[in-house]
Amino acid sequence: MRRILIALSSAALFALLVTPQAPQLVDDGFLPENDMKIPVGSKSAKGMSEAQFNKVLDKVEALYGPIIQEKGGVLEINRLWEDSTVNASTQRIGNRYILNMYGGLARHDAITQDGFALVVCHELGHQVGGAPKYAYQWASNEGQADYYASLKCMRKVFSSASTKDFSRMAASDPVAEQACAAAHKSAAQRALCVRNAMAGLSVTGLFASFGNGPAPKLDTPDPKVVASTQDKHPASQCRLDTYFQGSLCPVSASKDVSDDDAALGTCTASQGHSVGLRPRCWYKPPSSESLNIAAKFGAPAADVKASMAKSGAFSQLNNSSVVW
Ligand SMILES: [Zn+2]
């Protein structure tokens, strides 16, 4: 709560005190709660410069200010460069869509501009990322904020020529290159997909530095299958899986998501997708999203299944829909 109060202007604080409703705060932080502090000028400040920090925020603000305005809201990005907190958060107060971006996180040596863009996109994802949402709350849940970040927000950011010189990891991952080449048609889409996946890899590498297990990898997906959708932060590997699948989904960034229907603007088995789906390590798809063979082929499911079971194509399709 202390951080939140600091982030609020005195006017907003007054509004908070006199408003009968408490501010609608959901996100308790991009990273797990931690005591790490990286003040300006400290020896461990090896990440971004203030100019790099502002450049990322300028770009996201320019892209999302109008989008949020269309929804009747006002985007407010608190640029807390002087604050040593290694985290980020978001809140909603009335029509104010507030992002709290701390300099401590930007100064961490594992953070590049591409990685930082992913953090901002995650926070925006809570605001405009659509279903599934936290139960009885305005905000998209953690997994959805991650999925929205790579599925929509990062693609909008990286499509802008002015982000081409953002700092990022030097090497790219062969697993990302191969999967992106298979999932996307154009060279530009493939390159953007790899860049997107690498940003996910860099940020989840940061999670590992908080003692949260080994650094996740693109080819070691979390095998967990949840019985119901999990709203809180998934495990690090699961979060990387979400960023990666969001990068691979071939649905365009211009097709918006929906607050009510998690299938709109996304990849689902029911729409014929076998990659780019929300990982099952946090997401339990409703029955409407499962592969509906009868609807797809216009015949009773059992008949189609029996005839197709003999073909390799079906087993491939079936396996991929089960895994993701
Ligand atoms: Zn979050």
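**Close-up 1. How helix 5 and helix 6 pack in this predicted model.** Helix 5 (residues 113-128) packs with helix 6 (residues 142-159) at an angle of about 120°, and their axes lie 8 Å apart. Axes here are lines fitted to C-alpha atoms over the stretch in contact, with angles running from 0 to 180 degrees between N-to-C directions. Helices (H or I, at least four residues) and strands (E, at least two) are DSSP runs, numbered from the N terminus. Angles under 35 degrees count as roughly parallel, over 145 as roughly antiparallel, 65 to 115 as roughly perpendicular and the rest as oblique; helix 5 and helix 6 are therefore oblique to each other.

**Close-up 2. The residues where helix 5 meets helix 6.** On the helix 5 side, look for A117, L118, C121, H122, L124, G125 and H126. Their partners in helix 6 are Q144, A145, D146, Y148, A149, C153, M154 and V157, with contact meaning C-beta atoms, placed from the backbone, within 7 Å.

**Close-up 3. N78 in strand 2.** N78 sits in strand 2 (residues 74-80). N78 counts as partly exposed because it has 19 C-beta neighbours inside 10 Å (20 or more others would be buried, 12 or fewer exposed, in between partly exposed, with C-beta atoms placed from the backbone). N100 is 22 residues from N78 in sequence, yet their C-alpha atoms are 4.9 Å apart.

**Reading these views.** Residues are numbered from 1 along each chain as its sequence is written. Local features need pLDDT of at least 70 and side-chain atom pairs count only at pLDDT 80 or more, while totals for chains, interfaces and linings use all residues.

Conventions: Contact = placed C-beta atoms within 7 Å.
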